[in-house]
Amino acid sequence: MKEEKEKLTSNEEGKQAGEVSRRDFLVGAGTVVVGTAVGAGMLSGCSGETVTTTVTSTKTVPTTVTTTVGGAGATVTETKTVGAGETVTMTKTVTTDSGSGGITPALEPEETVIKCQSPINCTEVKNGKIVRIRPLHYDSEYPDLQPWTYQARGKTFTAYMKSSLSPHWSSYKCRIYSPNRILYPLKRVDWEPGGDPAKINAQNRGRSKFKRISWDEATTTIASEIKRTIDAYGPSGICFAGAPHGETKTIHSAHNVGAAFLHYWLMNTYGETFTEVIDTPVSWEGSAWGAKHFWGHESGLGEEKPSNTLVDVSENCDVLLVWGEDNECNQWRSNMQYGQFALWLKELGIRLIYINPDLNNAAAIHANKWIPVLPNTDPALQLAIAYTWMKEETYDRDYIDTHSVGFDKFEDYVLGREDGIEKTPAWAAPICGVPAWTIKALARVYANNITSVMHRHGGGMKTGCYSHEPMRLNAYLLAMQGWGQSGVHQVSNIDNPLASGASLTSVTTTAYEERGFHCQLLRQQGTPIPPYTDRNMIMRSRFTEAILNPPIEYYAGYIRMPRADQFVKATYPNDGFSRVHMFWGDAPCISTQCSNGGCARNAVWNDSSMEFVLLQHPWLEDACMFSDIILPVNTKWEEYDICSSADFWRCLAIEKKAIESIGESKSDYEVVCEIARKLDYYDEWTLGLSVDDMVKKGFENSNWQDKISWDEINEKGYLVQPPADGWESRTTASLKFYQNPQANPLQTPSGLLEFESIGLKENFPDDKERPPVAHYVAGGPEEDGWTHDESLSGQRAKDYPLLCMIGNPRWRYHAQLDDIAWLREIPTAKVKGYDGYLYEPIWLNTADAAARGIQNGDICKVYNDRGTVLAGALVSERMMPGVAMLKHGARPDWIIPGVLDRGGSGGGLTSPKWTSINTPGQYLTGFLMEVQKVSGDEMYGWRRDYPDAFNRPYDPASGLRFDAWVEGDA
Amino acid sequence: MKVFVHDAAKCCGCYQCQISCKDEHCSNDWTPYAKPQPLTGQFWGKLNEYVIGTVPKVRMYYISQRCNHCDNPSCIPACPVEAIYKRDDGLVIIDPAKCTGCKLCIDACQYESIYYNEGLNIAQKCTGCAHILDRGWPITEPRCVDACPNECLMFGEESGFSTQITQGEVLNPELGTEPRHYYLNIPKKFIGGTVYDPVTEEVVIGATCTLSGDKTATVTTDDFGDFWFEGLAAGSFSVKIESGGKVKTIDNISTEKDVNLGDIALS
């Protein structure tokens, strides 16, 4: 046993693909018994086992089969069963002919369970284990269902009859059985409750390991820490941060269910609530802080809300500019529809022009043309387009006269009357990297064709420094071509009719209802939460500063808050409230996905003001390593729930439990229930309802309860609905403004499009980073009053001459899924170093790599003044020269905590600053940095000086392991 | 007799074919059709990706590969213990019970579609998900085909794919193994460029571009000044660009790789 352990901890040389490793239990069909840790790291087999299970699901099987696995006496199994977390040697299974009375295990059916994880899918289960996860055929339980169709330009689009499952979710078996699953409650070995700085050892968070504790000890400690914090500091001493991007759940609610509980319990008990970490408009930063001041669109966070865009684009567009966006990546969290629609648009003859620093995954396949543009410089390109239109009078002057204000100020700037610089294509070319002739050609193609511009959440333009400028200018250009008329839109996606709201009655238990149905019930009963001005809040972009250097002030443009709130100062701590001393979070992505200032961002966890850090999550990743107690959470495959889904069809599903909980995990909701129990608030919190009760109640309040009986939806697993009749004729919302702006005003002070923003002019007349009229803002040195200097022509570029995009990963879902073996082995997902470690790719243009003596596959250090991360070189013509790319969300694997990360988390290079001086949005992409090949001496020195980091149990297939951080018998 | 068809023009490179194969075969024992595939490193269904051209005329395409289930396979005669057999529906299967792990079939398959499982000491490859086809549940196609969102990977009776088979190609037909896996729209080489006037700094629209050499063709530049010659074989070419009395000729263009001639000043 000891020998096995040693093998595990020295597994630095990479195993060759297919070579025998300690994960060979995955190769075989072996029975694995992992002590109390049953399940984790176990993608074990099925038919070789001598498990006796009666197969009961026979309803859709052609032949009715009722048999017992291994019961026919036909399977001889030799297994070697070993202890927890260890290698299982090969199982030799000899299967002979099944004989009469049984069939070969391969032909035996499994039970099908419906799960809605963006979108709906089928999961087959046998002997308590997941066999497969596959798309749902919508007609499988509804044989009469016919695909809906849609005609445009003489061609017919036919709805797909399978759910468009993305690779993120069809590979999810690896995630469910990941060796990185948290199996039981954990406590950091050198943390003691009570808040004594000498006993909390905050400085060791992220360094010291954890040990197993019981649920009872964990929840007792948590409850007492919560009460102690409240006694010492009041409820605002507790901070909760729910994170986005966990699984899609309803009752069990992967996001913020702890926040819901705290609000409910604290308001009813203390009349005051906790300190909430609240998001900035994250994926919409540039739109919310910029375009909103031009055209309103409050509900779309500053973006035109999509409305039947499939119809609008299919019928009316000639050209679709996909600007700063990768739809074959960013949309995969939901479905694969973009590719399906892109094929349709191309069939219709619509031109797709991609404007991005990289030939992104969508451009690589769908682009009619790729125009590479340097990060953070889109405004120069946009201004040169406006200049061309002004000079050639190829914009809609009449529309500008009737629909906008302040255009003359914009003209003054573009034509050089304001600053003496004409924003000509020749001026823009060296700034943005696009030749002047191509800029002019683009301007004319845009003006001569009916053109829409597509962005989706989190494109490069929207989350860079000063992102409000490109997103305002984007709207300016659309306005100059008569925005709102058919075919002239900002399109966030090609939405199908269901997503456009043209479906039948929506399902109440929407998949994106963050706090779930249970919380809806609570809302009807609890004391209302005070407005944010009367409680304690921390904007996520300012979290590090808030903890380390309070008090802080910022403008409160929280996500989904109205435009006017961007002019209101928020203070943390707010008057009469405490600073934070306890942190509780779920589905964390703080360390890997948010900016907050480079490798040093983790200092927040080492501050002794943070007396207790509690996290709940299924996997030991992200900020979990910086916590004091970790509670193990289920995946939704281990839960019974109700959920809805929509791609080509809208569905309501009753989600049966596919497998039993792995380890001692519980759902996020159940975790909170256990804490509520220790706070003597269980009955109030659960409303006396069991999970079964709530699922049934969810169905009864779904708006679909009259379409199908409870018994039938349980039998079939799901109900499917097509779009409503006549959905094609719904017009876009912006058409009304186009037709009559006075009668249909925008949510701006003037009700019109504001080239010179009235709100910005009133509140920030001298802001040179977000002036009343949108500008190209290059930034510059801090001493000259600039927030950022992230331009290739700036001072910092002398030391850090590459602009690095830190965008959404294709083979992860932000900070999630970095442990899925089948995604990690895809060539663009990870780069295998000579040491066998799978490094996060650093994408480099061929010329940039050659200039640095870097070859494909080299281990490189990617660095700037904020941190250093290691990465594997991926040399490609898909990058324009001068630009590198490191996807965000890789799990940090610290060599030197807070300084050097082997995992390649892009957060290590991010700025401590925010979007611009008066806009505390997240600044997530477009940073100056440099790349160097790591020398042998350098790597040797790190190995010598930080042996623990290099000897951590590591699995080439799935990366970091649970047992790397847990003492004792994991 | 079954065939696989992959249409590169509709493939978005999502790797669902590769992943779903692993979902079906890793950790699942489908004896007598197949033993479990190792968690990583084997690709019974494999997506290969290709980046062609240089900035900014770069494109990608993907080829979804697996055992070709050849009609004249090299693996079957190579096997000394007759563990490999061809079914009536055309699928070629390695019987995991008979296989002795001698690796001769791996050496024989020039498509590199067979993998060696060291733990089990057997050779393994795509089975066409025959276990699913035979029981007809829960789907009626191989997993890779079922998982393909764009329906660019197809499978079925040969008779249902006569058009695709006529228009398509097989990989390396010269090997003579008669694959039952057809491909549509695999791009051939291209030559592309952008024509501009260096004095006016304008793209030249409508310039006549004439290709000569191993193939001749004429195209005109579009509203970005771009021209593309596509579907070229590897060879040697010249391109002559003419507009407004100005002429430029570029000789000795090799299409061993796709060629972006870049931004071409016509003066």
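Hi everyone, let me start where the two chains meet: 68 residues of chain B are in contact with 86 residues of chain A. Before going further, please keep in mind that this is a predicted model.

How much area do chain B and chain A bury between them? The value comes out at about 6300 Å², with 59% of it on carbon and sulfur atoms. On the chain B side, L39(B), W137(B) and F224(B) lose the most area to chain A, and together they account for 13% of what that side buries.

Now for charges at this interface. The rule finds eight salt bridges across the interface of chain B and chain A. Here is a pair you can look up on the screen: R444(A) forms a salt bridge with E202(B), and their closest N and O atoms are 2.5 Å apart. Over all chains, a search of the whole structure gives 78 salt bridges.

Please hold on to R444(A), as this residue turns up again inside chain A. R444(A) is among the residues of helix 16 of chain A that meet helix 12 of chain A. The axes of helix 12 and helix 16 (residues 436-448), both of chain A, come within 9 Å and cross at roughly 65 degrees. That angle makes helix 12 of chain A roughly perpendicular to helix 16 of chain A. The crossing of these two helices is right-handed. From helix 12 of chain A the contact uses L381(A), A384(A), I385(A), T388(A), W389(A) and E392(A), and they meet I439(A), L442(A), A443(A), R444(A), Y446(A) and A447(A) of helix 16 of chain A. Sorted by class, that contact has nine nonpolar, one polar and two charged residues.

Helix 12 of chain A has another partner to show you. How do the axes of helix 12 (residues 378-392) and helix 17 (residues 468-480) of chain A cross? They come within 9 Å, at an angle of roughly 20 degrees. Helix 12 of chain A is therefore roughly parallel to helix 17 of chain A. This crossing is left-handed. On the helix 12 side of chain A, the contact is made by D378(A), P379(A), Q382(A), L383(A), I385(A), A386(A), W389(A) and M390(A), while helix 17 of chain A brings E469(A), P470(A), L473(A), N474(A), L477(A) and M480(A). Those residues divide into ten nonpolar, two polar and two charged.

Let's move to another helix pair in chain A. Helix 5 (residues 215-233) and helix 20 (residues 668-678) of chain A have axes that come within 9 Å and cross at roughly 65 degrees. The crossing of helix 5 and helix 20 of chain A is right-handed. Helix 5 of chain A contributes W215(A), D216(A), T219(A), T220(A), I222(A), A223(A), I226(A) and K227(A), which meet V671(A), E674(A), I675(A) and K678(A) in helix 20 of chain A. By class, this contact divides into six nonpolar, two polar and four charged residues.

The side chains of E225(A) and R228(A) meet at 2.9 Å, N to O. Both lie in helix 5 of chain A, three residues apart, about one turn of the helix.

Finally, some backbone details. Most residues other than glycine have a negative phi, and most peptide bonds are trans. Where does this model depart from that? The peptide bond from P550(A) to P551(A) is cis, with omega near 0 degrees. P551(A) sits in the loop between helix 19 (543-548) and strand 19 (552-555) of chain A. In chain B, a cis peptide bond joins T31(B) and P32(B), with omega about 10 degrees. P32(B) is found in the loop between helix 1 (16-25) and strand 2 (45-54) of chain B. As for phi, R560(A) is not a glycine, yet has a positive value of about 65 degrees. R560(A) lies in the loop between strand 19 and strand 20 (569-572) of chain A.

Notes. Residues are numbered from 1 along each chain as its sequence is written. Chains are lettered from A and ligands numbered from 1 in the order in which they are written. This is a predicted model: local features need pLDDT of at least 70, side-chain atom pairs count only at pLDDT 80 or more; totals for chains, interfaces and linings use all residues. Side-chain values use heavy atoms; hydrogens and water are left out. Axes are lines fitted to C-alpha atoms, for helices over the stretch in contact, and angles run from 0 to 180 degrees between N-to-C directions. Helices (H or I, at least four residues) and strands (E, at least two) are DSSP runs, numbered from the N terminus. Angles under 35 degrees count as roughly parallel, over 145 as roughly antiparallel, 65 to 115 as roughly perpendicular and the rest as oblique. A crossing is left-handed if the near helix is turned anticlockwise from the far one by less than a right angle, and right-handed if clockwise. Contact means heavy atoms within 4.5 Å. Ala, Val, Leu, Ile, Met, Phe, Trp, Tyr, Cys and Pro count as nonpolar, Asp, Glu, Lys and Arg as charged, and the others, Gly among them, as polar. Buried area is the accessible area (1.4 Å probe) that two parts lose on being put together, summed over both. A salt bridge is a side-chain nitrogen of Lys or Arg within 4 Å of a carboxyl oxygen of Asp or Glu.
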